[in-house]
Amino acid sequence: MKINQLIKSNLFVFIFILVAVPLAGELKFYPFHDTFRVSLGTPIFFFSLLLLRGISPILLGICTALSILSFRVGLDWLTQDHFDLLASVQTRYPSSLYYFMFVLLFYLLKLNQFHSRPWIIGVLGITIEIISSLTELMFQHVVDGNYLSLSILTQIFIIAIFRSFFVLSFFSMMKLYEGKIRERQIRQKNHYLLMLLSNLYVESVQLKKVLKNAENITITSYDLYRDINEYMKQTGLSLESFSNRALRIAGEVHDIKKDNQRIFAGLFRLIEDEKFSDYMDIHELVPAIIRTNEQYASSLRKKIEFRYQIDGEHPEYHAYLVLSLINNLVANAVEAIEEKGTIAIYVKLENQFVWFQVEDDGPGVSEKDKSFIFKPGFTLKFDYAGTPSTGIGLSYVQEITEELGGCVDLQNGSENAGAIFTIKLPINSLVERG
């Protein structure tokens with residue numbers, strides 16, 4: 001599909017050049033007040049050769065030369081009372097040879113290899129135009145007998161510099177524009193990968209917790225197996241079936257642990273392999289969270305305004321930790337707001353602690369639910385089919401915050417509208433240790 005679109009696009013541009021260059025060639029002026037004219041055909045043709053790298057320049061040059069010859073002969077036929085085809089072709093073919101010589105030199109000098117060095121394109125462009133103009137004048141001499149003079153050579157040189165500079169300016173502007181587009185695409189891709197890795201980081205933390213639980217269950221089951229065997233020796237009772245079941249549970253949980261360890265290792269390696277710094281400026285992290293949740297709100301067809309404020313001089317924080325914690329709170333706020341509303345993120349430093357606050361103007365949390373809001377599995381969110389969410393987001397936030405030596409708090413907004421989640425963390429838990 002993309003190949004067909006590319007072919008159609010190149011064909012359209014090819015035809016456009018065959019029409020535009022002859023027409024632009026008629027838009028001419030005489031800067032030296034004599035018979036030597038300057039047209040816009042050459043700059044458009046030169047510019048097209050630089051841009052169209054998917055079309056053979058020789059083919060384009062031959063077709064353009066024939067197009068110009070046909071166009072100008074056609075004009076003679078329309079404007080002359082006594083049209084002579086042979087005389088018209090003899091008069092007009094030097095101009096076509098100019099374009100053919102131009103594209104031939106362009107191809108031989110391989111100008112499209114110097115896109116990263118525009119000054120070389122400028123120097124070679126001036127050289128190509130001078131040689132092409134001399135070729136045209138040489139064949140023009142055969143037609144009308146005019147000779148070259150120092151004045152004409154000077155004019156050719158000045159015009160070549162002017163037109164090459166004109167083309168190079170537009171080409172550099174185009175490359176700058178392409179560079180900005182490419183930079184924006186790379187930034188968007190990096191932002192997407194950063195948020196993806198942040199989510200993977202959350203999953204890796206949860207998986208690490210599962211591994212720890214699986215290890216505890218394995219130890220407990222195996223201890224139970226030994227206790228049952230010891231009890232059988234002391235009492236003489238036959239509890240072999242229970243003993244075997246306890247041992248089987250220990251073995252199966254151990255297998256689950258091994259499988260999860262392989263998944264965890266692969267997940268952690270994936271996070272480490274991506275070329276992102278583990279520590280980033282908070283002025284980059286907060287806008288990244290907002291951009292992600294703007295898209296999330298849009299997918300839910302909600303109109304939500306996001307605001308943020310960062311106070312103080314902050315060091316670089318652990319990117320995945322901050323993203324995973326704050327993004328959880330902001331995503332919850334997006335889901336809590338029914339149709340439209342506002343979400344604000346505040347970050348500040350105070351006494352070696354960093355405060356993250358996420359405030360929304362949604363329905364808030366009732367007093368009876370506040371005591372359960374951080375419990376694993378508790379949720380107030382249901383999809384359109386009535387299926388509840390997992391209820392692990394806020395429990396994760398609380399668990400990680402407390403592990404880092406901080407705390408998380410929930411308060412209702414003014415007039416009991418909305419919710420305000422506040423995370424307080426020691427700076428040392430988020431910065432890179434030397």
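Modeller: Rings of Phe, Tyr and Trp, the last by its six-membered ring, form a pair if their centres lie within 6.5 Å, and planes over 60 degrees apart make that pair edge-to-face. The model to which this applies here is a predicted one.

Biologist: Which residues do ring pairs link into a cluster?

Modeller: A search of the whole structure turns up three aromatic pairs. In one of them, Y98 and Y99, the ring centres are 5.1 Å apart and the planes stand at 90°, so this pair is edge-to-face. Through ring pairs, the cluster that forms is made of Y98, Y99 and F102.

Biologist: Are Y98 and Y99 buried or exposed?

Modeller: The cut-off for a buried residue is under 20% relative accessible area. Y98 has a relative accessibility of 3%, and the value for Y99 is 3%. Y98 therefore counts as buried, and Y99 also counts as buried.

Biologist: How many residues apart are the partners in the pair Y317 and F356?

Modeller: The ring centres of Y317 and F356 are separated by 6.4 Å with their planes at 75°, so the pair is edge-to-face. It links distant parts of the chain, since Y317 belongs to strand β5 (residues 317-318) and F356 to strand β7, and the separation is 39 residues.

Biologist: What distance separates the C-alpha atoms of M280 and Y317?

Modeller: M280 is found in strand β3 (residues 279-280) and counts as buried at 14% relative accessibility. Although M280 and Y317 are 37 residues apart along the chain, the distance between their C-alpha atoms is 5.6 Å.

Biologist: Which element gives the largest share of the largest nonpolar core?

Modeller: This core has 45 residues, and the members that touch the most others are I282, I326, I343, F356 and I423. Elements that each give two or more residues to it include α8 (282-299), β6 (340-350), β7 (353-360) and β9 (419-426). The largest share, eleven residues, comes from α9.

Biologist: Which residues is I282 in contact with, leaving aside its neighbours within four places in sequence?

Modeller: I282 is one of the residues that touch the most other members of the largest nonpolar core. With those sequence neighbours left aside, the contacts of I282 are P287, I310, H314, Y317, V322, V347 and F356.

Biologist: Which residue stands opposite I423 in β9?

Modeller: β9 is mostly covered, with seven of its eight residues buried. This strand pairs in the antiparallel sense with β7 over eight bridges, where D360 stands opposite A419. β8 and β9 are also antiparallel, over six bridges, and the residue opposite I423 is V408.

Biologist: Which residues does T342 touch, not counting those up to four places away in sequence?

Modeller: T342 lies in strand β6. At 18% relative accessibility it counts as buried, the limit being under 20%. Beyond its sequence neighbours, T342 touches E305, R307, I337, E359, D360 and D361.

Biologist: Which residues of helix α2 are buried?

Modeller: Eight of the eleven residues of α2 (residues 41-51) are buried, so the helix is largely enclosed by the rest of the structure. Those buried residues are G41, T42, P43, F45, F46, S48, L49 and L50.

Biologist: Over the ring of which residue does the charged end of K348 sit?

Modeller: The charged end of K110 sits over the ring of Y107, at 5.7 Å from its centre. For K348, the charged end is 5.6 Å from the centre of a ring over which it sits, and that ring belongs to W355.

Biologist: What share of the residues in the chain is buried?

Modeller: The chain contains eleven helices and nine strands, and residues 24 or more positions apart account for 70% of its contacts with a separation of 6 or more. It exposes about 26,000 Å², of which carbon and sulfur atoms supply 59%. Of the 434 residues in the chain, the buried share is 40%.

Terms used. Residues are numbered from 1 along each chain as its sequence is written. This is a predicted model: local features need pLDDT of at least 70, side-chain atom pairs count only at pLDDT 80 or more; totals for chains, interfaces and linings use all residues. Side-chain values use heavy atoms; hydrogens and water are left out. A nonpolar core is a set of buried Ala, Val, Leu, Ile, Met, Phe, Trp, Tyr and Cys residues joined through side-chain atoms within 4.5 Å. Buried means under 20% relative accessible area, exposed over 50%, partly exposed in between (1.4 Å probe, protein chains only). Helices (H or I, at least four residues) and strands (E, at least two) are DSSP runs, numbered from the N terminus. Contact means heavy atoms within 4.5 Å. Rings of Phe, Tyr and Trp (its six-membered ring) pair if their centres lie within 6.5 Å; planes under 30 degrees apart count as stacked, over 60 as edge-to-face and the rest as tilted. A charge sits over a ring if NZ of Lys or CZ of Arg is within 6 Å of the ring centre and within 35 degrees of the ring normal. Accessible areas come from the Shrake-Rupley method with a 1.4 Å probe; for residues, only the protein chains shown count as cover. Two strands pair if DSSP finds at least two bridges between them.
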